[in-house]
Amino acid sequence: MRRLYEPQAYDRDVGSYWQTTATPPRWPALKQSRAAKILIIGGGYTGLNCALELAEQGIDPHSIVVLEACQPGWGASGRNGGFCCTGGTKLPVDKLIARFGEDETRRFFKQQTASIESVRENLSRYHISADTHSNGETQLAHRESEMAGLHAEKQQMKDLFSLDCRITEKPGLSSQGLASPEFHGALTTPLGFALNPMKYLSGLAQAATGIGIAAYGGTPALSIRRAGNNWQTDTPGGHITADNLVIATNGYSSEDVPDWLSGRLLPVLSNILLTRPLTELELNSQGWTSHQMCSDTRKLLHYFRLMPPAEGEAGPRMLFGMRSGTSATPASMAMMHRRIRADFDRFFPAWRGVETPSSGPVWSA
Ligand SMILES: Cc1cc2nc3c(=O)[nH]c(=O)nc-3n(C[C@H](O)[C@H](O)[C@H](O)COP(=O)(O)OP(=O)(O)OC[C@H]3O[C@@H](n4cnc5c(N)ncnc54)[C@H](O)[C@@H]3O)c2cc1C
């Protein structure tokens with residue numbers, strides 16, 4: 001497997017906070033060659049949803065195989081921010097319309113709302129309890145001048161999608177528990193919710209194997225090639241011959257699995273830090289008590305949410321994420337950490353002294 005970045009970017013031992021909150025099933029390694037109707041490579045949301053959806057549509061679950069190089073949820077699906085909301089682009093609606101037309105923009109928006117509903121349905125259908133919270137999403141203006149754009153977006157949401165969004169001007173932020181010197185007002189879109197990503201992932205993984213889908217962990221696909229009308233995939237424990245193949249490897253893809261993927265993907269790093277549980281006094285001294293999931297209006301945005309207190313913890317933790325770079329050297333990681341911590345301190349000055357024991361980079365394609 002030939003990969004773009006430094007080996008430490010693919011370390012198996014992630015040590016993320018989410019792993020302490022849920023235990024996804026451990027899949028056995030493939031020990032002998034076998035056949036499948038459909039082989040799915042990658043045990044994250046994409047691979048698992050694909051497997052479950054195919055089974056829902058009538059494909060025999062026993063003929064579906066999922067391969068995972070590590071264990072389910074090792075990739076971005078087990079370590080993301082847990083924001084289930086719109087936000088597939090930072091382009092404002094008027095620019096989308098100018099570039100793609102009104103029909104396509106409507107379709108794009110519908111697709112995003114359908115994705116939110118699909119997660120909601122999965123939670124219910126597979127009985128997954130994933131610490132959901134937040135009534136839609138709040139975008140916070142990082143400059144006063146951004147408020148005009150938020151007002152325009154509110155109107156566009158109404159005109160195009162009949163959606164009632166809410167503007168909060170700067171003086172109203174404190175009363176909503178969103179006090180920070182960084183922000184100048186907000187737009188709340190009543191779509192989506194936040195969840196514990198690892199609990200969601202674990203639920204999907206359990207649902208998949210529960211209906212008979214075969215899943216193998218610690219089993220990287222090392223190469224893929226055509227074999228007559230089939231696909232042949234080699235792994236350390238044997239090969240799999242499949243009628244159909246789905247590659248769901250995200251930012252962890254290899255340049256040579258298959259070789260035509262080379263040069264087609266550019267993964268970038270993302271970084272999230274998480275505070276220790278905050279006390280009531282700390283929450284009040286910052287004036288940030290809302291559990292609303294938030295992002296700011298920057299193009300390379302920050303996203304943050306006060307999570308519901310975990311079992312056995314006295315207070316909520318703040319999750320704070322931002323985009324990072326394209327290098328995983330120790331020096332770049334250290335710089336990334338300094339940058340995210342500096343931004344966190346500027347957004348929440350009352351929490352400058354609060355420890356953030358969990359912090360780590362993740363790749364996303
Ligand atoms: C820090 C961060 C925060 C994010 N926050 C959010 C958020 O709040 N909301 C949101 O909607 N999205 C968020 N995302 C994006 C979201 O997490 C991803 O889009 C999603 O998890 C992708 O799922 P996936 O299944 O495609 O990929 P992944 O979950 O990354 O799974 C890919 C899997 O493929 C496996 N794999 C790779 N190569 C092979 C191989 N050769 N053989 C076998 N297996 C292989 C890997 O081990 C990995 O487990 C975030 C991403 C990051 C990185």
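Leaving aside neighbours within four places in sequence, which residues is Gly203 in contact with? They are Tyr126, Ile128 and Ala130, where contact means that two C-beta atoms, placed from the backbone, lie within 7 Å. Before going on, note that this is a predicted model, so local features need pLDDT of at least 70, side-chain atom pairs count only at pLDDT 80 or more, and totals for chains, interfaces and linings use all residues. Residues are numbered from 1 along each chain as its sequence is written.

- The protein chain is assigned domain 1 (7-80 + 198-261) and domain 2 (83-195 + 268-364), with bounds that come from an automatic or database domain assignment.
- Where they meet, domain 1 puts in 16 residues and domain 2 puts in 15 residues.
- On the side of domain 1 that touches domain 2, you'll find eight nonpolar, six polar and two charged residues. For these classes, Ala, Val, Leu, Ile, Met, Phe, Trp, Tyr, Cys and Pro count as nonpolar, Asp, Glu, Lys and Arg as charged, and the others, Gly among them, as polar.
- Taken over C-alpha atoms, the centres of domain 1 and domain 2 are 29 Å apart.

**Around the ligand**

- The ligand has 34 residues around it, and Gly44, Gly75, Asn80, Gly81 and Asn250 come nearest. A residue is near a molecule or strand if its C-beta atom, placed from the backbone, lies within 6 Å of it.
- Two or more residues of that shell come from each of α1 (45-56), β12 (268-274) and β16 (358-364). Helices (H or I, at least four residues) and strands (E, at least two) are DSSP runs, numbered from the N terminus.
- The top contributor is α1, with three residues.
- Sorted by class, the shell holds 16 nonpolar, 17 polar and one charged residues.
- Both domain 1 and domain 2 give residues to the shell around the ligand, so it lies between them.

**The largest nonpolar core**

- This core has 77 residues, and Leu39, Ile40, Ala51, Ile64, Val65, Val66 and Ala208 touch the most other members. A nonpolar core is a set of buried Ala, Val, Leu, Ile, Met, Phe, Trp, Tyr and Cys residues joined through C-beta atoms within 7 Å.
- Domain 1 and domain 2 each give residues to this core, so it too lies between them.
- Take Ala51: not counting residues up to four places away in sequence, Ala51 touches Ile40, Ile64, Val66, Ala208 and Ile213.

- β9 (residues 223-227) and β10 (residues 230-235) run antiparallel and are joined by five bridges; strands pair if DSSP finds at least two bridges between them.
- Ile224 sits opposite Thr233 in β10.
- Two residues separate β9 from β10 in their hairpin, and Gly228 in the turn has a positive phi of about 65 degrees.
- Next along, a hairpin takes β10 to β11 through two residues.
- β10 and β11 are antiparallel, with five bridges, and Gln232 has Thr241 in β11 as its bridge partner.
- β11 (residues 238-247) also runs parallel to β1 (residues 34-41), with seven bridges; here Arg34 stands opposite Ile240.

**Strand β13 and its partners**

- β13 (residues 293-296) is covered on both faces: Met293 and Ser295 on one side and Cys294 and Asp296 on the other are all buried. Buried means 20 or more other C-beta atoms within 10 Å of a residue's own, exposed means 12 or fewer, and partly exposed is in between, with C-beta atoms placed from the backbone.
- β4 (residues 137-140) pairs with β13 in the parallel sense over four bridges, and Glu137 has Met293 as its bridge partner.
- β14 (residues 302-306) pairs with β13 in the antiparallel sense over two bridges, and Cys294 is partnered by Phe304.
- The β13 and β14 hairpin has five residues between its strands.

**Two residues to look up**

- Gly203 lies in helix α6 (residues 197-210) and is buried because 22 other C-beta atoms lie within 10 Å.
- Gly203 and His127 are 76 residues apart along the chain, yet their C-alpha atoms are separated by 7.7 Å.
- Arg143 is in the loop between β4 and α4 (146-161), and is partly exposed because 13 other C-beta atoms lie within 10 Å.
- Arg143 and Val66 are 77 residues apart in sequence and 46 Å apart in space, C-alpha to C-alpha.
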